[in-house]
Number of protein chains: 2
Amino acid sequence: MERLPGFRDFYPEPLPHTDVWSADARQFIFEKWRTVARRYNFREYDGPPLESLELFTTKSGEEIAGQLYNFTDKGGRAVTLRPEMTPTLARMIAAHERNYKKPVKWFALPQLFRYERQQKGRLREHFQFNADLIGETDPAADAELIALLIDALRAFGLTEKDFIIRLSSRNAWQEFYKSGRDGVSPSQTSDEYNFFQIIDKLERTPPEESETKLAALGFSLAEVNQFIESGRPTAELESILQNLAARGLKDFVKVDYKVIRGLAYYTGVVFEAFDVQGQFRAIAGGGRYDNLVKLISGGRVDLPALGFGMGDVVLLELLKARGLLPKFDSTTDVFVLIGDEALRPQSLKLVQDLRAAGYAVEYPLTAVKPDKQFKRAQELKTANVVQLENSDYVRIRDLRVRKEIVVGVADTANHLG
Amino acid sequence: MERLPGFRDFYPEPLPHTDVWSADARQFIFEKWRTVARRYNFREYDGPPLESLELFTTKSGEEIAGQLYNFTDKGGRAVTLRPEMTPTLARMIAAHERNYKKPVKWFALPQLFRYERQQKGRLREHFQFNADLIGETDPAADAELIALLIDALRAFGLTEKDFIIRLSSRNAWQEFYKSGRDGVSPSQTSDEYNFFQIIDKLERTPPEESETKLAALGFSLAEVNQFIESGRPTAELESILQNLAARGLKDFVKVDYKVIRGLAYYTGVVFEAFDVQGQFRAIAGGGRYDNLVKLISGGRVDLPALGFGMGDVVLLELLKARGLLPKFDSTTDVFVLIGDEALRPQSLKLVQDLRAAGYAVEYPLTAVKPDKQFKRAQELKTANVVQLENSDYVRIRDLRVRKEIVVGVADTANHLG
């Protein structure tokens with residue numbers, strides 16, 4: 001029996017030379033994300049991986065339909081595996097916002113699911129570092145969140161030579177759109193959204209096609225390109241740039257109006273993180289969604305908000321390409337070698353005591369020749385091999401410095417390398 | 001919009017006084033589980049939360065059907081949210097067993113899903129600490145795994161006064177069953193499984209009902225009870241008891257043949273962990289499943305195996321009842337108070353530097369009166385309030401010992417309490 005296409009198995013390292021993923025690398029990434037989020041005083045939360053379908057269709061507009069792992073459960077409910085975290089967060093905040101002082105700074109590491117057409121290397125699930133800041137309209141909030149994104153990438157050893165945050169603004173594009181509509185027939189509500197979709201796909205669409213689509217909405221590709229090239233920061237973007245400069249982070253951001261983000265619910269500043277060499281898809285993306293909490297809560301709670309998501313797949317590709325993933329093949333601190341089976345009970349006690357003292361300890365479950373045990377200890381890249389000489393004394397061999405001593409059993413932990 | 005019934009939202013502490021769960025407590029539990037597993041040199045793995053339905057129906061027999069979150073995906077595949085981890089593990093091991101030296105010692109912290117009838121307090125998902133040992137038939141493997149279970153509970157401060165591992169053996173029950181069938185008509189293959197189900201439910205079934213059901217299989221309740229009360233350890237159980245005694249863990253286990261475990265695939269030693277006061281459902285359960293890897297791999301790979309699962313829900317209830325959950329309400333190391341808005345850029349730089357040095361740092365995103373900032377720092381139970389006096393000096397107030405000093409900005413981190 002096989003796993004489903006587009007899903008991943010995570011194996012301990014060293015990995016078999018096949019198309020499987022590293023559980024150790026995943027845990028390494030999760031720990032870095034958590035560490036940086038906590039320094040920024042973001043608090044961890046989580047919601048269910050299964051939610052009402054309505055939670056996502058309400059929010060994300062038509063582009064989400066047809067891409068979900070949705071089904072009807074045995075109670076007749078229309079449900080779906082979560083394709084993103086933001087609606088769950090908005091739901092949770094709306095339910096208990098009075099209990100938390102604003103601004104709320106929360107993060108999560110959810111697994112997300114999309115039923116996309118199966119392509120080589122395209123996955124149907126991934127993990128995301130989601131960080132959100134709720135209850136503050138000032139661009140200082142945007143700057144705080146973007147600084148977190150920058151430091152979350154720097155935590156892996158990535159520098160301004162590796163990645164850049166492209167900063168843009170839906171407000172700027174909305175103004176451009178409105179001024180361009182002066183004197184033309186009243187637009188339908190969906191027109192602005194369609195305009196944003198064309199801008200979002202500009203870089204991966206043939207110019208003629210964009211030209212035609214823009215013309216239908218009363219714009220020329222030339223004026224759009226001119227606006228992009230002007231790159232004049234709005235007041236909010238200027239404020240964010242200055243804030244980041246004060247932190248010493250200005251080299252990690254640039255204004256780039258080509259970024260607009262596909263999702264329907266963004267309202268203000270939007271941004272994406274890319275590798276500088278342009279080898280990979282976006283590393284992360286986010287922006288302001290000031291109307292979403294109100295929408296999800298049925299108008300009951302109205303709070304400005306913004307957030308970003310960073311997936312584990314592109315990040316892992318980038319870290320591998322830059323040689324920034326550590327080796328994960330050594331986890332054993334001590335191998336307790338049992339040379340004389342008569343000493344097995346005392347050896348088990350020693351195993352127990354060393355584990356209680358915090359060491360990762362391995363030993364042979366059954367009788368094995370000492371030279372084979374020693375070989376196994378070497379394969380495990382164990383730091384120390386410890387062997388009872390008799391009930392009272394142990395021989396400790398430090399395999400890294402090839403040092404050997406004999407000490408009293410009770411003294412073992414004090415002499416481990 | 002609300003979350004689905006039987007699913008949990010995990011909020012940061014302090015919690016609103018409602019029916020939500022603590023993300024901090026969950027993370028606390030996960031970290032303890034990981035720490036102990038690593039000391040036992042178990043390696044972390046994970047598989048997809050969504051699997052082929054067949055993976056579970058092949059393995060678990062009829063008792064699993066009707067309890068799953070199963071559906072047909074958009075590609076026409078019969079799929080299900082995983083109700084347990086063992087079949088995924090068996091699938092993963094079968095796929096790559098040659099790459100891993102035996103015995104394999106792996107653990108995972110999966111979220112599992114069951115579509116159970118909705119009852120007050122009954123959940124449809126939970127997290128489980130799953131640990132498995134693959135490739136060793138000797139009872140020494142069972143002892144190693146049970147020792148891990150014991151230490152995973154002790155890591156939370158639970159003692160032999162709080163919990164006990166009830167140890168049993170399907171082998172012993174199989175012998176009892178076979179000897180009881182001497183001279184009666186040949187049994188059907190499902191009869192033994194039905195017999196195990198009756199034993200499994202003995203403690204929560206009226207005696208008359210058990211009597212009737214047992215009689216249909218040619219047994220009396222009296223002889224069953226006599227076998228249970230005899231409690232004579234088999235050779236394998238005796239070996240496990242001695243092994244655990246050598247580690248100093250004998251007070252945490254007892255032989256109890258009332259335990260037999262419901263699942264169809266157990267083959268040898270089985271066990272369950274209970275709170276001594278009998279207030280809660282089982283804390284953990286597991287056993288040997290020597291035929292499962294062969295079954296899942298279609299006969300290609302044949303490896304003995306055993307494992308246990310410990311859920312987060314009962315454990316959390318128990319820890320709360322015993323007062324063993326820490327408080328999670330203090331996460332801020334430093335509050336950078338901005339008394340003069342002209343010093344905001346330098347204050348942002350200080351925030352950045354302290355975070356880079358590893359501190360969890362909070363500050364006001366926008367202009368706020370200093371006394372309100374100070375109040376916020378107190379609410380956050382911040383250890384240190386740091387305020388720039390001017391570009392060169394900071395005032396550091398240690399709120400716990402009420403000490404105040406002024407030092408050079410670059411020297412701040414060296415003077416934090």
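Predicted model: local features only at pLDDT ≥ 70, side-chain atom pairs only at ≥ 80, totals over all residues.

Phe71(B) is the residue of chain B that comes closest to the rotation axis, its C-alpha lying at 3.3 Å. In general, two copies of a chain are related by a rotation about an axis and a shift along it. Here, chain B is brought onto chain A by a rotation of 180° with 0.0 Å of shift along the axis, leaving an RMSD of 0.1 Å. The two copies are therefore related as by a two-fold rotation axis. Both copies use the same surface, for 100% of the contact residues of chain B recur in chain A.

The contact itself draws 71 residues from chain B and 71 residues from chain A. On the side of chain B that touches chain A, helix H12 (residues 344-356) of chain B supplies the largest share, namely five residues. By residue class, that side of chain B comprises 31 nonpolar, 15 polar and 25 charged residues.

Chain A may next be considered as a whole. Its secondary structure consists of 13 helices and 19 strands. The radius of gyration of chain A is 27 Å, whereas a compact globule of 417 residues would have one near 22 Å. Along the principal axes, the C-alpha atoms of chain A fill a box of roughly 95 × 55 × 45 Å. Of the 417 residues in chain A, 43% are buried. Among contacts in chain A with a separation of 6 or more, 65% are accounted for by residues 24 or more positions apart.

In helix H11 (residues 312-321) of chain A, the buried residues are Asp312(A), Leu315(A), Leu316(A), Leu318(A) and Leu319(A). Viewed down the axis of H11(A), these buried residues fall within an arc of 165°, and so they line one face of the helix. Just after H11(A), Gly323(A) adopts a positive phi of about 70°.

Helix H8 (residues 221-230) of chain B has one buried residue among its ten, so this helix lies largely in the open.

Attention now turns to a sheet in chain A. Strands of a sheet pair through backbone hydrogen bonds, either parallel or antiparallel. The order S16-S15-S17-S18-S19 (chain A) describes an open sheet of five strands with mixed pairing. At its edges stand strand S16 (361-362) and strand S19 (403-408) of chain A; each has a single partner strand, so one side of each is left without a neighbour in the sheet. Within the sheet, strand S17 (residues 384-388) and strand S18 (residues 393-398) of chain A pair in the antiparallel sense over five bridges. In this pairing, Asn384(A) stands opposite Asp398(A) of S18(A).

Finally, Glu379(A) belongs to helix H13 (residues 370-379) of chain A. Glu379(A) counts as exposed because it has 12 C-beta neighbours inside 10 Å. Between Glu379(A) and Arg114(A) there are 265 residues of sequence separation and a C-alpha to C-alpha distance of 40 Å.

Key
Residues numbered from 1 in each chain as written. Chains lettered and ligands numbered in written order. Buried ≥ 20, exposed ≤ 12 C-beta atoms within 10 Å, placed from the backbone. Helix = DSSP H or I, 4+ residues; strand = E, 2+ residues; numbered from the N terminus. Arc of directions from axis to C-beta. Contact = placed C-beta atoms within 7 Å. Nonpolar A, V, L, I, M, F, W, Y, C, P; charged D, E, K, R; others polar. Least-squares fit on C-alpha atoms with pLDDT ≥ 70 in both. Rg over C-alpha atoms; globule rule 2.2 N^0.38 Å. Pairing = 2+ DSSP bridges.
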